Amino acid sequence: MNAVLIALLVLPLLGAALTLAPVFGPDRAVAGRRALRLNSVVTGAVLLLSVALAAGFDHGSPARMQATTDLSWIPALHVRFHLGVDGVSLPLIVLTALLTFLCALYSEKRLPDGENVPSPQAFVGLFLLLEVGMLATFAVLDLILFFLSFEIVLIPMYFLIARWGSGAKTPAANRFILYTLLGSAVMLLGFLLIGSKAGTFDMQALAAGHGNGLSHTTQVVAALAIMVGLAVKAPAWPLHSWLPDAHTAAPTVGSVLLAGVLLKMGTYGLVRVLLPVVPDGTATLAPYLGAFAAVGIVYGSLACLALARPGAKGDLKRLIAYSSVGHMGFVLLGIASLTPVGVNGALFANIAHGLITGLLFFLVGAVKDRYGTADLDTLSGATGAALYGRAPRIGALLAFAAVASLGLPGLAGFWGELLAMFGAFDPAAGLSRPAFVTYMALAGLGTLLTAGYLLIVVKRVCMGDPEQPAPVAEVADLRPYEAVSWTPLAALTLVAGLWPALLLGLSDPAVKHLLGGG
């Protein structure tokens, strides 16, 4: 299985390199279609490899690192080419492969357009390079390799926003790259401090040591640097301000991958690096992380309510971006509890958010394509969407995704938030229970606010303004390529909600192993 894991990374890298070769023909239109088809074929092959990796995974030992490759890479710096997957990283690898494939299929029929847009070959090359970085982040087991993988995704995403985006795309792309680069630089300082004190960057060896050989001061300083760097990508309040602009300006597939995968890289790093490598430092900072998470939950919900109200001229993409701040707050709260229940809830919420928010951004992109705007006041006005009457299938999917996002029992959004709050209700020994119960209460308030703004969105976009009823005019409903791209996300949202053990059975032993010094 280690060959399968290596192939997962090599195949999209080769595909990206192929877009630089003159193999698509002299005709620009034909070459573009062939490049987009190559994108679908390569990402489809990667998805099949990820399914093969999941099928060959020993589900009886999810805490054990599997499909490993461990080779010396830079001996002078003690850097190793170390790959592997366990019950924490496997679901994220499959989610990444699935979302990139669905985005590739969608782009084959609906390539983002705009002024001075480069050729489709450039889009495909950047898209496949982005996939390499995302997959590698969840597969590497060396801190330096983790940093490099973390950085690889920044340049492709920058150009996807700056070249294929809309509106104020250049300022949004600049803010994205500046925030994430600065966060990565701070994170690297924490990695270097750990490596210099421990004599290795190997994440498995560091996790097995569980902080041995690292003083309390070293752990606190390293944990603070790493936590700040990863919190930018998560995104945690108040380091989130790059996110709404990036989502608003990004093309549909860029928003799907940004919300569905890139945000998960930050929270995955917290679980993979902070919990087992610098446990004392993490425990010292956990109350502050929990406080920021709780504030982020309420802040994101209030921002969404402000955007959803009539007359606010709220952008629907921007609203969903702010909702991610709230939803990722539950992930951070679960991690801050330092309990198996809370961390399992965080990992489950990671996957649920990727499925649900990916579907939401697909749907908002379709609505924007049809109506030329994502402005809520326009969509709910006399000439607005009224999707139930004009495009009922899209309206039904939007309502489904909204109720999944607000945490309706039986759908994927429910379990992660519930377990994260359970973790906060009874945090790890040494943490202030009154403080974390307060955080839990704030998170509970956030769930009520989330239900409020999402139901307002469904009412306004799907039903329209009752005082200005929209004419029941025909609008293109669900197209075949859209159904192919979106149906898997809706189906998996339902499966994960009805069968949470599918994910929790993988993550629970691995989480206990990490928390116990594995």
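Author: Let's start with R175, which is partly exposed, at a relative accessible area of 34%. On this scale, buried means under 20% relative accessible area, exposed means over 50%, and partly exposed lies in between, using a 1.4 Å probe and protein chains only. Before going further, please keep in mind that this is a predicted model, where local features need pLDDT of at least 70, side-chain atom pairs count only at pLDDT 80 or more, and totals for chains, interfaces and linings use all residues. Residues are numbered from 1 along each chain as its sequence is written, and side-chain values use heavy atoms, with hydrogens and water left out.

The side chain of R175 forms a salt bridge with that of D245, at 3.2 Å from N to O. R175 belongs to helix α7 (residues 169-198) and D245 to helix α10 (residues 242-249), so this pair ties together parts 70 residues apart in sequence. The term salt bridge means a side-chain nitrogen of Lys or Arg within 4 Å of a carboxyl oxygen of Asp or Glu.

Another one joins R80 and D70, at 2.7 Å from N to O. Here R80 sits in strand β2 (residues 79-85) and D70 in strand β1 (residues 66-74), so parts 10 residues apart in sequence are tied together. R80 has a relative accessible area of 28%, which makes it partly exposed, and D70 is partly exposed at 39%. A further bridge, between E482 and R479, spans 3.7 Å from N to O. In that pair, E482 is buried at 0% relative accessibility, while R479 is partly exposed at 31%.

The whole structure holds 4 cavities of 30 Å³ or more. To find a cavity, a 1 Å grid is laid over the protein atoms alone; a cavity is a set of points where a 1.4 Å probe fits but cannot get out, and lining residues have an atom within 4 Å of a point. Grid points are joined across faces, edges and corners, and a volume is the space filled by probe spheres set on the points.

The largest cavity contains about 120 Å³ of space. Its lining has 13 residues, with H327, A349, H353, G413 and E417 nearest the centre. Helices α13 (316-336), α14 (340-371) and α18 (412-425) are the elements that give two or more residues to this lining, and α14 has the largest share, with 5. By class, the lining has 6 nonpolar, 6 polar and 1 charged residues. For these classes, Ala, Val, Leu, Ile, Met, Phe, Trp, Tyr, Cys and Pro count as nonpolar, Asp, Glu, Lys and Arg as charged, and the others, Gly among them, as polar.

The second largest cavity contains about 80 Å³. Residues lining it include G87, P91, N344, F348, L503 and S507. At least two residues each come from α3 (90-109), α14 and α21 (501-515). Helix α14 supplies the largest share here, with 4 residues. This lining has 8 nonpolar, 3 polar and no charged residues.

Notes
1 Å grid on protein atoms, 1.4 Å probe; cavity = no way out; pocket = protein on both sides within 12 Å on 5 of 7 lines; lining within 4 Å.
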